[in-house]
Structures are given as structure tokens and as C-alpha cells.
Amino acid sequence: MEKKTSTFNNALIWFGAGVSIAEILTGTYLAPLGFGKGLLATLLGHGIGCILLFFAGLMGARTGKSSMETAAMSFGNKGVAIFAILNVIQLIGWTGIMIYDGAAAANGAWEIGSWIWAVVIGVLILIWILVGIENLGKLNLVAMILLFGLTVVLCVIIFRNGGGEIPEDDSISFGGAVELSVAMPLSWFPLISDYTREAEKPFAATMASTVTYGLVSTWMFLIGMGATIMTGTGDIATIMLKAGLGIAGLLIIVFSTVTTTFLDAFSAGVSAGSISRRLKTRPVAVGVTVLGTLGAIIFPMDDITDFLYLIGSVFAPMIAVMLADHFLLGNDASERKADWVSFLVWLAGFALYRWLLHVDTPVGSTLPDMLVTMILTYVVKKIVGRCQKST
């Protein structure tokens, strides 16, 4: 009998996803808004992103299928192979970015060479992969208790001792800040079903996953934004040093990077199975970790905003088509089978997202793009379905 994951273990997994240097770093970009507007943008963006993330995860939880297997229900086996390849590529990118950020921050706290820290973090990720998601309960619990305690200490020290050195400016708009806040939960859309599909209690596990991630990610954003405003810098290592955390800060950096990046590498292995059945999850995950580690050593990866927007433009309309199929057209199989229609609607959604990036809406680009794409999916597939029935 296949071992299932408990609701608590799913919550732990997504706690680890939320406690991330990338989340803190993205939060630093919101500092020019000031704390009040930045807080509102963070809450609004995470609210939008996590509601959508919940429904994406619920599809996998209900069907017992991985993220790419649920995508095949809308795009067919050939269509989903395209998205699986894109997903693996973006997960290799995420793995490299996370290791790069973690290594750079760790080297700022203890200077022994960024490449050495990249190797250390890469090896720890490999240990997480080899232990396996089914057996990570106790290991994750210890890591999460440690990270929780250290991030509380970090938060208290920063907000107690900060000096308010960053003035407000217009380098980022409110809508742009909302979109960055949406982009972080959005980046997990193609992954969440890889974990909720294994849940003992599908609805409860999906709810626990999204609520836990949303709260923790919001907290990380506020740490990054507040630390930048109050310490006068967006550099993670400098923030840790100014907070006087020393070794404790180093542990936050390393283990938060490991617990988050493990999910990226593991999901790359799961997605690879949608490209070819010969590609097995753990070997691919190991390969992705190695590639990500090498990329972190070789390439500069300091600004990830364009990368986040690229992920959004690809996967927001993809998930929108899937949500429309599953929740709006779920009882009408004839409309759902038009794979070519799904792909054409996705192309329209992709183009719309890229256009919306140049339009400063108060809710960012993701929400209007997904709403329009879902409506378009429903209308076009209804028309195509009726045409098919009449011939």
C-alpha cells in the first residue's frame, strides 16, 4: 500500500517552501513603497496568489495526479510535454537561483568562498532528495523548529533596532509590488500537485499547504522589506550581520535554502516523467541539483524579477485553462477534450500577460490575465463542443 502524507507533513513541507532567502530578497524590492503601502501590496498579492494556488493544488489532491499529469487533462500528452520541458527548465533555473542566493548570503556571514557554500548547500539538498518526501517527517520537523525560532529572533532584532534609513520613492509602483507578491505563490503553481496528490486528506492538506505557505511567505516578505527600510540595505548577509545573528543567521540562510530548493529539484524529477517514462524522479532531481549548483557557481543571478515575470507569463494562463476545465467544465467532457483549443487560449493568455506587464493595474498582471483566460477557455470550448455535437 502506497504511503500517504499527513496534513501536518504537508504543512511542514510548505512551511519550508515559505522560509526562503528568495522570499526575503523579493521583499526587499518593496521597501521603496514604505512599510504601510508595502504591507498592503504584500497582503493583496499573497491573497490573490494563494487562493489560486489552493485550487491548483486541489486538482492534484482530488485526482491523485502530479502537476503535469493534471495539465495533460487539458493539453493532452503532446501538449503537456511542452509545459513539462518548460517546467523542468524553470526549476533548474530556480534551483540555481536559490543556491546562488543562499551561497552569497552565507559567504557574507562567513567568508570562505561562495562556490564552497554552493557545494555545501547542493550536498544538503541531495541528502533531502535521497531521504525522500515520504520519510522527511522528523527531519523536516527538526529543521522547521530550528528555522522558526531563528526567524522569530531575526524579526524581533531587526524591528527593534532598525533606523529607518531608506526613504520612500517611486522606483516601484503599487501594482508592480502586488505582482511581485503574486509571483512567488505563482511560481509554485506547476509544483503544488506533486505534493498534494500524496495526501491522506486531500482538501485539508491542500488548505494547510496554501495557508501555511501564504502566512510564512508574507512574513518573509515583511522581514525583507522591514529590514531594508530599517537597516538601509537590501543585502541579506549585511542584514544578518547588522542584526548580530552570526552563526544563527548562517543557519537560517543555509537550511532555509535547502528546504525550499529541495522542492524545486524534486518536482523537476516528477515533471520529467511527463516528458518520458524512462526519466525517474530521484535521478532527475539529483541531476537538477548538480546543474543548479554548477549554475550558481558559474553565472551571476542577482536580479530575479524578469525571471519571475517570465514564469508568470507561461504558467498563469496554463493554470487558468486547467482551472476552467476542472472547475467550470468538469462535467462536460466533450468541451474539455479540445487540446488544440487549450493551447490557442494559452497563447492568448501568454500574450495578454506580457501586455499587462506594461499596464500599471492596482492588482498586478496575474489576476486579470487568469480571469480573462478562464472566461475565454469556457466560452471557446463551449462553442467548439456544440459544433462537435452538431456534426
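## Basis of the model

The model is predicted, with local features requiring pLDDT of at least 70 and side-chain atom pairs counting only at pLDDT 80 or more, while totals for chains, interfaces and linings use all residues. Residues are numbered from 1 along each chain as its sequence is written, and side-chain values use heavy atoms, with hydrogens and water left out.

## Overall architecture

The protein chain contains 16 helices and zero strands; helices (H or I, at least four residues) and strands (E, at least two) are DSSP runs, numbered from the N terminus. Of the 391 residues in the chain, 58% are buried. Buried denotes under 20% relative accessible area, exposed over 50%, and partly exposed in between, with a 1.4 Å probe and protein chains only.

The accessible surface amounts to about 15,600 Å², and 68% of that area belongs to carbon and sulfur atoms. Accessible areas follow the Shrake-Rupley method with a 1.4 Å probe, and for residues only the protein chains shown count as cover. Contacts (heavy atoms within 4.5 Å) were also examined by separation: among those between residues at least 6 apart in sequence, 87% join residues at least 24 apart. T259 is found in helix 11 (residues 247–272) and is buried, at a relative accessible area of 4%.

Helix 3 (residues 35–63) has 29 residues and spans 41 Å from its first C-alpha to its last, close to the expected 42 Å. The expected span is 1.5 Å times one less than the number of residues. Just after helix 3, G64 adopts a positive phi of about 70 degrees.

Helix 9 (202–231) has 30 residues and reaches 43 Å between its first and last C-alpha atoms, close to the 44 Å expected. Helix 9 is mostly covered, since 23 of its 30 residues are buried. The residue that follows helix 9, G232, has a positive phi near 80 degrees.

Two salt bridges are counted, each being a side-chain nitrogen of Lys or Arg within 4 Å of a carboxyl oxygen of Asp or Glu. In one of them, D325 pairs with K381, and the closest N and O atoms are 2.9 Å apart. D325 belongs to helix 13 (residues 305–328) and K381 to helix 16 (residues 366–390), so the pair ties together parts that are 56 residues apart in sequence. D325 is buried, with a relative accessible area of 0%, and K381 also counts as buried at 0%.

R197 forms a salt bridge with E198, with 3.5 Å between the closest N and O atoms, and both residues are buried. R197 sits in the loop between helix 8 (193–196) and helix 9. Its side chain also reaches the backbone oxygen of D194 at 3.3 Å. Apart from neighbours within four places in sequence, R197 is in contact with K4, G60, A61, G64, K65, S66, E69 and V270.

## The nonpolar surface patch

A nonpolar patch on the surface consists of W115, V119, V123, I127, V290, L291, L294, I297, I298 and F299, with about 920 Å² of accessible area together. Patches are made of residues with over 30% relative accessible area and no salt bridge, where like charges are joined within 9 Å and nonpolar side chains (Val, Leu, Ile, Met, Phe, Trp, Tyr) within 5 Å. Helix 5 (114–131) and helix 12 (281–298) each supply at least two of the patch residues, and helix 12 gives the most, with five. An α-helix has 3.6 residues a turn, so residues three or four places apart point the same way.

The C-alpha atoms of W115 and I99, 16 residues apart along the chain, are separated by 9.8 Å. V290 is located in helix 12 and is partly exposed, at 38%.

L126 is also placed in helix 5 and is partly exposed, with a relative accessible area of 21%. Not counting residues up to four places away in sequence, L126 touches V286 and T289. L126 and V288 are 162 residues apart in sequence, while their C-alpha atoms are 10.0 Å apart.

Note on methods. A polar contact is a pair of N or O atoms within 3.5 Å; within protein, one must be able to donate a hydrogen and the other to accept it, and residues adjacent in sequence count only if both atoms are side-chain atoms.
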